[in-house]
Amino acid sequence: MDTPYLTPLLKKDRPIWIMGVHDVVSAKIAERAGFDAVGVQSLQIAFVNGQPDIGVITPDETVEVCRKIRRSVNLPIVVDFEQGFGEPYASVYWMHEFERAGVAGVHIDDYGLPYKCPFIPPHVMAIEPMDQTADKIRAMAGEKLNPEFMVIGRPGTYVARVHPDEESRREDWLRRANAYQEAGSDALMAICWSVEHARFFRSQVDGPMMTIRTLGTEIDADRVQYTSDMMQLSVDELYELGYQLQIEPTTMLGVAVNAMVKAMELEKQTGRISSVAEQHGNLYNLLESWMNVSEVRRIRESYGQAELPSGMKPEGK
């Protein structure tokens, strides 16, 4: 299957809505629902493997997930490239691996070590020197296998919390954004905790911009928080603010996990499989279409010559 890219979508006058997925099934659901692209984030892959999102999952594990998704859906794939997995050579190496797996673009951050996820406390105050990240982006931009592949720079100023006040944070974010654009980023990704932040970031730089939102941060006060006005915006309203690409990393995973927890608690409580029949729904009908059963039939009928046992032969044959 040829790689579908994001660049043709950027030429259309509408938002590009990227739904976070973690495997083939979730990617098929996103495609069926009509999303524009799928996103594979480190947090999702770590979660489904029972690990914290601190760089434990290796890039080749994520590459293999992307290969499977590429074979199964016809949507662009956007990947969390973390800090580039090392120095510039390593970043180029892994970018090529993702390109060959059919990925349309990656976003690379500058969070530095020890690794941190903005949505999982404790929040570590380190951030990588700007020039180190810019060197990786410069190398990646210069070594793409296909010019349509997107390298998206992700300044991490508002995640690291290094700076003592809002003015110094804004100055640092802008320095990093400009440096990553000059290095060759095809777009910038901004984590906008508020509508005010979204407007500020957009007003300071040109070119395509991506933002990311995740549900559930308000449940725990120790987590970084989105303001309610930011979370209430529709994708069209974000687009009007100037964000052409919008990604949701955990929406589908959170919904699925919580639904499974509730269903299993109910079945254990009642002792009856029938108690979750409605939640289970038409799984076997979906399996029929999603597992290429029709291809199994076609190939067997077209090329199979072996005689079926008498008890398995269709009537009249």
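**Briefing: pocket, strands and aromatic rings**

Helix 12 gives the largest share of the lining of the largest pocket, nine residues. This is a predicted model, in which local features need pLDDT of at least 70 and side-chain atom pairs count only at pLDDT 80 or more, while totals for chains, interfaces and linings use all residues. Residues are numbered from 1 along each chain as its sequence is written, and side-chain values use heavy atoms, with hydrogens and water left out. Helices (H or I, at least four residues) and strands (E, at least two) are DSSP runs, numbered from the N terminus.

**Pocket and cavities**

- The largest pocket has a volume of about 840 Å³. On a 1 Å grid over the protein atoms alone, a pocket is an open set of points with protein on both sides within 12 Å along at least five of seven lines, a cavity is a set where a 1.4 Å probe fits but cannot get out, and lining residues have an atom within 4 Å of a point.
- Grid points are joined across faces, edges and corners, and a volume is the space filled by probe spheres set on the points.
- The largest pocket is lined by 26 residues, of which V25, I29, A256, M260 and L283 are the closest to its centre.
- At least two lining residues of the largest pocket come from each of helix 2 (24-33), helix 12 (251-270), helix 13 (277-280) and helix 14 (283-290).
- There are four cavities of 30 Å³ or more in the structure, and the largest cavity has a volume of about 120 Å³.
- Among the 15 residues lining the largest cavity, Q41, D53, D80, C117 and R154 are the closest to its centre.

**Strand 3 and its neighbours**

- Strand 3 (residues 77-80) is covered on both faces, with I77 and V79 on one side and V78 and D80 on the other, all buried. Buried means under 20% relative accessible area, exposed over 50%, and partly exposed in between (1.4 Å probe, protein chains only).
- Strand 2 (residues 37-40) runs parallel to strand 3 and is joined to it by three bridges; two strands pair if DSSP finds at least two bridges between them.
- G39 has V78 in strand 3 as its bridge partner.
- Strand 4 (residues 105-109) is also parallel to strand 3, with three bridges, and D80 has H107 in strand 4 as its bridge partner.

**Strand 7 and its neighbours**

- In strand 7 (residues 209-212), M209 and T211 on one side and M210 and I212 on the other are all buried.
- Strand 6 (residues 187-190) and strand 7 are parallel and joined by three bridges, with A190 opposite T211.
- Strand 8 (residues 245-248) pairs with strand 7 in the parallel sense over three bridges, and M210 stands opposite L245.

**Aromatic rings**

- The structure holds nine aromatic pairs. Rings of Phe, Tyr and Trp (its six-membered ring) pair if their centres lie within 6.5 Å; planes under 30 degrees apart count as stacked, over 60 as edge-to-face and the rest as tilted.
- Y93 and W94 form an edge-to-face pair, 5.0 Å centre to centre with 90 degrees between the planes.
- Y93 is partly exposed at 39% relative accessibility, whereas W94 is buried at 16%.
- The W173 and F201 rings are stacked because their centres are 4.3 Å apart and their planes at 25 degrees.
- W173 in helix 8 (residues 166-183) and F201 in helix 9 are 28 residues apart, and both are buried.
- One aromatic cluster is formed by F81, F85, Y93, W94 and F98.
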